[in-house]
Amino acid sequence: MKLVIGNKAYSSWSLRGWLAVRQSGLAFEEVNVPLYDEDWSNRREGDEFAPSGGKVPILWDGADIVVWDSLAIIDYLNEKTDGARGYWPEDWAARAMARSMAAEMHSGFAALRRHHSMNIRRIYPSADLLPEVQADVVRIMQIWAEARARFGGEGDYLFGEWSAADMMFAPVVTRLITYSIPLPRFAVPYCQAVVSHPHMQEWIGGAQAEDWVIEQFEGPAEG
Ligand SMILES: N[C@@H](CCC(=O)N[C@@H](CS)C(=O)NCC(=O)O)C(=O)O
């Protein structure tokens, strides 16, 4: 398999797709492409990018199978590994909630995503949040708290074990850290557990080793 991803420092959807592929335990080649560099528009029109409309992540499984979009990559790999790699919790009610949370992340939280772009290499001081960003953070804390309370058990993650729900929220965790967004007490150990996960440590190491800088994603969020 081959996974095409953007900058590890900035590309939050790439992180989700990469975590999904890493979870599969299957061998894959990683192709890193710097987003928005001088060659970006040529590259995104090329064959490798065409199926996704020019966005990353893109998973190629051989020459004929292509899966783009983070959620589709999770589901494809869950099926390819016969549901054996723990993408979704086994318990039916937990699974329903985990899928709903992943879908809500995928389609929602636009204000947080727009105003606080992922930047894994930085930590900025806490600043006032726009009301719409605050509303996103409140909603995220609500669903995290509910998942942890109902299904977290003794585990460190939303549904106890590391799952696709954690993969989908991992770039939210890094944003909360980057922008020093105040957290309710229960969320602190959860965020620590996410960034300490071995796959996250591997990704963060990769982000730190990159020397690409995209100015529009640098600097504290406008409040
Ligand atoms: N819904 C897609 C989002 C993919 C996406 O927007 N990726 C960004 C990088 S984080 C991208 O490729 N942006 C380049 C562009 O829009 O030109 C997914 O879940 O994978």
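Guide: The centres of domain 1 and domain 2, taken over C-alpha atoms, are 21 Å apart. Those domains cover 2-85 and 92-206, with bounds from an automatic or database domain assignment. Between them, 22 residues of domain 1 are in contact with 24 of domain 2, contact being heavy atoms within 4.5 Å.

A word on the ground rules: this is a predicted model, where local features need pLDDT of at least 70 and side-chain atom pairs count only at pLDDT 80 or more, while totals for chains, interfaces and linings use all residues. Residues are numbered from 1 along each chain as its sequence is written, and side-chain values use heavy atoms, with hydrogens and water left out.

Now the ligand. The residues around it, meaning those with a heavy atom within 4 Å, include S11, S12, W13, Y36, W40, R44, D69 and H106. Three of them make polar contacts (N or O pairs within 3.5 Å; within protein, one atom must be able to donate a hydrogen and the other to accept it, and residues adjacent in sequence count only if both atoms are side-chain atoms). Y36 puts a polar side-chain atom 3.3 Å from a ligand nitrogen. On the oxygen side, an N or O atom in the R44 side chain sits 3.1 Å from a ligand oxygen, and H106 has a polar side-chain atom 3.1 Å from a ligand oxygen. Taken alone, the ligand exposes 510 Å², and the protein buries 82% of that, by the Shrake-Rupley method with a 1.4 Å probe.
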